[in-house]
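Work through the exercises below with the sequence and the model open. Each task is followed by a solution in steps.

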Amino acid sequence: MPLIDIFTDRYDHVGTEDKKEAHRQGLWHRTFSALALNPTTRRVVLQKKAPGRYTFERPDYADITVGGHYHAGETIEDGVREVREELGLPTTYADLHPIGLRQTAVTLAEDYIEREFQHWHLLPLDVDLDDIPLADAEVAGLVDIDLDDAITLADGASPTIPARYATRTADGLTYSEATLSRTELVPNYLALDQLYLRLFIAARRYCVGERQHLFW
């Protein structure tokens with residue numbers, strides 16, 4: 001496991017620790033996150049994680065497009081490597097639109113306590129689902145959905161919406177049309193601070209030309 005930077009709850013740096021141990025002890029650390037959107041087609045992409053990435057059983061949720069931990073010593077801008085690693089796209093930090101910092105604490109399992117300073121971004125991608133290489137084997141697939149549909153799903157107005165899937169198989173990526181249900185979203189992101197809804201609304205504002213104060 002790589003070393004990550006450790007902070008106080010006021011975001012003061014106090015040292016480094018092994019990532020697994022940081023979660024076991026519930027130490028404050030920082031992460032990079034990004035929601036991919038296509039401003040032309042007004043669609044967003046969510047990620048399906050490969051199984052076995054956690055020490056506890058986790059359902060196959062449709063999670064935020066890109067997310068990962070900063071390595072010790074990395075700057076906020078260095079987090080863009082997560083886009084390159086997970087999606088396989090040659091992205092620079094200048095391509096991203098930062099939308100703020102989320103401080104969150106939740107116990108997911110007895111040995112997995114998440115205390116994070118999450119740096120959130122919008123990732124404008126004017127590409128089709130078929131054009132995303134999906135480079136990281138830790139990502140099982142992607143879910144492409146209409147942005148307005150995504151908002152109705154997140155706010156509870158629709159229980160299911162149409163979706164297009166890119167799924168990793170032994171022969172590469174396969175594509176299919178199906179639906180995405182509200183029960184397939186991360187429950188904690190629907191409740192509490194309604195993270196999905198806030199992100200989708202920020203993405204919609206971005207699509208209509210707003211660029212300032214798009215905080216999650």
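**Exercise 1. Compare the radius of gyration of the protein chain with the value for a compact globule.**

Step 1. The radius of gyration is taken over C-alpha atoms, and the globule rule is 2.2 Å times the number of residues to the power 0.38.
Step 2. For 216 residues the rule gives a radius near 17 Å; the protein chain has 17 Å, so the two agree.
Step 3. Along the principal axes, the C-alpha atoms fill a box of roughly 45 × 40 × 35 Å.

The model is predicted: local features need pLDDT of at least 70, side-chain atom pairs count only at pLDDT 80 or more, and totals for chains, interfaces and linings use all residues. Residues are numbered from 1 along each chain as its sequence is written, and side-chain values use heavy atoms, with hydrogens and water left out.

**Exercise 2. Describe the largest nonpolar core and the elements that supply it.**

Step 1. A nonpolar core is a set of buried Ala, Val, Leu, Ile, Met, Phe, Trp, Tyr and Cys residues joined through side-chain atoms within 4.5 Å. Buried means under 20% relative accessible area, exposed over 50%, and partly exposed in between (1.4 Å probe, protein chains only).
Step 2. The largest core has 35 residues, and those with the most contacts inside it include Leu 35, Val 44 and Phe 200.
Step 3. Elements that each supply at least two residues of this core include strand 3 (29-38), strand 4 (43-49) and helix 5 (195-207). Helices (H or I, at least four residues) and strands (E, at least two) are DSSP runs, numbered from the N terminus. Helix 5 gives the most, with eight residues.
Step 4. A second, separate core of 21 residues includes Val 45, Val 66, Leu 87 and Leu 129.

**Exercise 3. Which residues does Val 44 contact, leaving aside neighbours within four places in sequence?**

Step 1. Contact means heavy atoms within 4.5 Å.
Step 2. The partners of Val 44 include Leu 35, Leu 37, Val 143, Ile 145, Phe 200 and Ala 203.
Step 3. For the protein chain, 60% of the contacts between residues at least 6 apart in sequence join residues at least 24 apart.

**Exercise 4. Locate Gln 194 and His 213, and state whether each is buried, partly exposed or exposed.**

Step 1. Gln 194 lies in the loop between helix 4 and helix 5, and its phi is near 50°, a positive value in a residue other than glycine.
Step 2. With a relative accessible area of 38%, Gln 194 is partly exposed.
Step 3. His 213 lies in the segment after helix 5; its phi is near 60°, also positive.
Step 4. His 213 has 60% relative accessibility and therefore counts as exposed.
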